[in-house]
Amino acid sequence: MKRSIQLLALSAALTGVGSVAGAQSCSIASTNNSVNCTVSTTLSTTVASLMNLTLNGTTVTLVAPSAVTDFNASGLFSSTTTGPNFQVKSNRSYRVQVSTDAATFSHTPATGAASYAKPVANVQISTDGTNFSALSTVAADIASGSATALSTVTSVNYKTAYDITKDQPGSYTLGVTFTLIAP
Amino acid sequence: MILSLRLSQSLLRVRLIRAAAAGLVLGLTPSAARAQVSVDALELAFALSSPVAAMAPQEFHVTNDGAARTQVTINLQDWDRSETGENRYAPPGTLPQSCRAHVKVFPTVLQLEAGASAAVRVWLDDAAAVSSGCYTILFVETPKPPPSSANSGLRYSLRYGVKVYVEQQGQPTAELFDATVSPLRGSSVLSLELGYRNVGARQTIARGVVEVRRPDNTVATTIPIAEFYTLPGATRRLSAALPPLPRGTYVLLAMIDFGGAEIAAAQVQAEIR
């Protein structure tokens with residue numbers, strides 16, 4: 001069963017809030033000092049959505065395997081890397097999102113190595129060190145909050161998966177964007 | 001010969017992987033301070049009147065809070081929200097409610113000295129063409145550090161999303177079209193699942209409460225529903241997990257205040273065993 005509820009009380013209150021004081025004046029024609037003349041005024045201001053995101057780094061190098069013995073019997077290796085910290089100042093609720101510029105890393109192969117389009121989903125991100133989710137070109141929320149003079153420091157961690165049969169030698173780079181938005 | 005070739009490749013791989021490990025040390029050293037920017041508005045609203053009239057341009061300001069000169073670019077994209085409230089972005093002009101053809105921005109590239117601010121002007125070139133409303137988002141973005149072949153890893157950039165709402169004036173309207181009780185995935189905890197739809201021409205900013213009522217109509221407990229945003233025509237799925245309750249029959253009454261003349265409400269019966 002569904003129903004709608006008329007909100008009469010709230011409608012009345014809103015009408016009051018929306019009213020605007022008209023021009024007012026008063027004048028006194030009396031020698032009595034106790035007579036008061038009061039004119040009320042209305043002050044107004046507009047406060048914009050003020051939000052600031054501070055990120056403490058520009059790059060991070062992901063921990064990579066340093067020897068073939070790092071890989072397990074299936075040829076896989078996983079590492080955890082400490083990423084940047086960020087903080088938000090905001091006078092309203094906010095969201096912080098993360099996304100990648102491309103679906104794969106940009107690979108500069110080492111001499112003699114083949115190129116490899118390493119998927120960005122090989123990297124997972126976490127803001128609590130426990131729950132990780134794969135990076136993607138689709139912006140995903142990693143933090144949110146309400147108005148704050150300065151949010152607590154949020155630390156980003158990455159978990160990177162390597163496969164000895166796929167990850168060709170060379171350097172891999174990836175652009176990652178942190179976005180601050182209103183909800 | 002073949003064996004020799006394979007061995008060479010194997011050695012090459014080990015050597016290069018170790019080189020990457022050396023790069024790791026470089027990457028963990030503190031990076032240089034970077035330019036940080038801020039903006040003074042993340043939402044701009046153009047209220048369409050009837051009959052449609054030309055609207056004054058609006059502005060927001062970008063400030064370079066860093067210690068070095070920086071470049072800022074402004075790019076327009078479409079956006080909407082998923083049924084779970086996540087903001088989604090799409091190339092300009094691809095979503096039905098796109099403002100791409102009618103929202104203009106100037107400038108789109110800023111060069112800001114340390115501490116400097118600049119205004120960005122946003123206007124509608126033809127309000128009559130968007131009489132039913134439209135939406136866009138302006139990404140204010142700082143550049144990523146230049147790529148270096150010596151470093152493997154991730155390069156960061158910051159951006160702010162300035163949402164532009166072009167909407168009709170008037171009361172928002174919305175409804176609850178679904179209310180069911182079901183266990184949360186992978187859990188024995190029961191949850192009230194709600195379907196909410198914005199049937200008006202303006203975004204709704206809503207919040208609500210679920211009252212858990214006993215058969216005698218007394219309130220056993222209440223569950224708040226946090227503020228959520230829904231664009232016109234969009235639906236939103238809400239979930240309110242029920243706290244532990246004594247066995248019995250309850251009525252769950254959900255009420256959503258979306259800022260309109262009415263409150264959207266729905267009720268469903270739940271049996272706690």
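Where does B:P107 lie in chain B? I found B:P107 in the loop between strand 6 (103-106) and strand 7 (109-112) of chain B. Helices and strands here are DSSP runs numbered from the N terminus, a helix (H or I) having at least four residues and a strand (E) at least two.

**Ground rules.** I noted that this is a predicted model, in which local features need pLDDT of at least 70 and side-chain atom pairs count only at pLDDT 80 or more, while totals for chains, interfaces and linings use all residues. Residues are numbered from 1 along each chain as its sequence is written, and chains are lettered from A and ligands numbered from 1 in the order in which they are written.

**Backbone of chain B.** B:N217, a residue other than glycine, has a positive phi, near 75°. Most residues other than glycine have a negative phi, and most peptide bonds are trans. I placed B:N217 in the loop between strand 13 (204-213) and strand 14 (219-230) of chain B. B:N217 counts as exposed because 9 other C-beta atoms lie within 10 Å. The cut-offs, with C-beta atoms placed from the backbone, are 20 or more others within 10 Å for buried, 12 or fewer for exposed, and partly exposed in between.

**Chain B overall.** I counted one helix and 17 strands in chain B. Of its 273 residues, 34% are buried. Among contacts in chain B with a separation of 6 or more, 69% join residues 24 or more positions apart. A contact means that two C-beta atoms, placed from the backbone, lie within 7 Å.

**Domains of chain B.** Chain B is split into domain 1 (37-168) and domain 2 (174-272), with bounds from an automatic or database domain assignment. Their centres, taken over C-alpha atoms, are 34 Å apart. Ten residues of domain 1 of chain B are in contact with eleven residues of domain 2 of chain B. On the domain 1 side, strand 4 (70-81) and strand 10 (153-168) of chain B each supply at least two residues. Strand 10 of chain B gives the largest share of that side, three residues.

**Cores.** I next looked at the nonpolar cores, which are sets of buried Ala, Val, Leu, Ile, Met, Phe, Trp, Tyr and Cys residues joined through C-beta atoms within 7 Å. The largest has 62 residues, and B:V162 and B:V164 touch the most other members. Strand 10 of chain B supplies the largest share of this core, seven residues. A second, separate core of 25 residues includes B:A179 and B:L194.

**A:T127.** I found A:T127 in the loop between strand 7 (123-126) and strand 8 (133-134) of chain A. A:T127 is partly exposed because it has 18 C-beta neighbours inside 10 Å. Beyond neighbours within four places in sequence, its contacts include A:I142 and A:V156.

**Confidence in chain A.** Chain A averages a pLDDT of 84, pLDDT being the predictor's confidence in each residue, from 0 to 100. The lowest confidence in chain A is in helix 1 (residues 8-18), at a mean of 30, and the highest is in strand 8, at 98. Over residues 6-22 of chain A the pLDDT is below 50. Where pLDDT is low, the predicted coordinates should not be read in detail.
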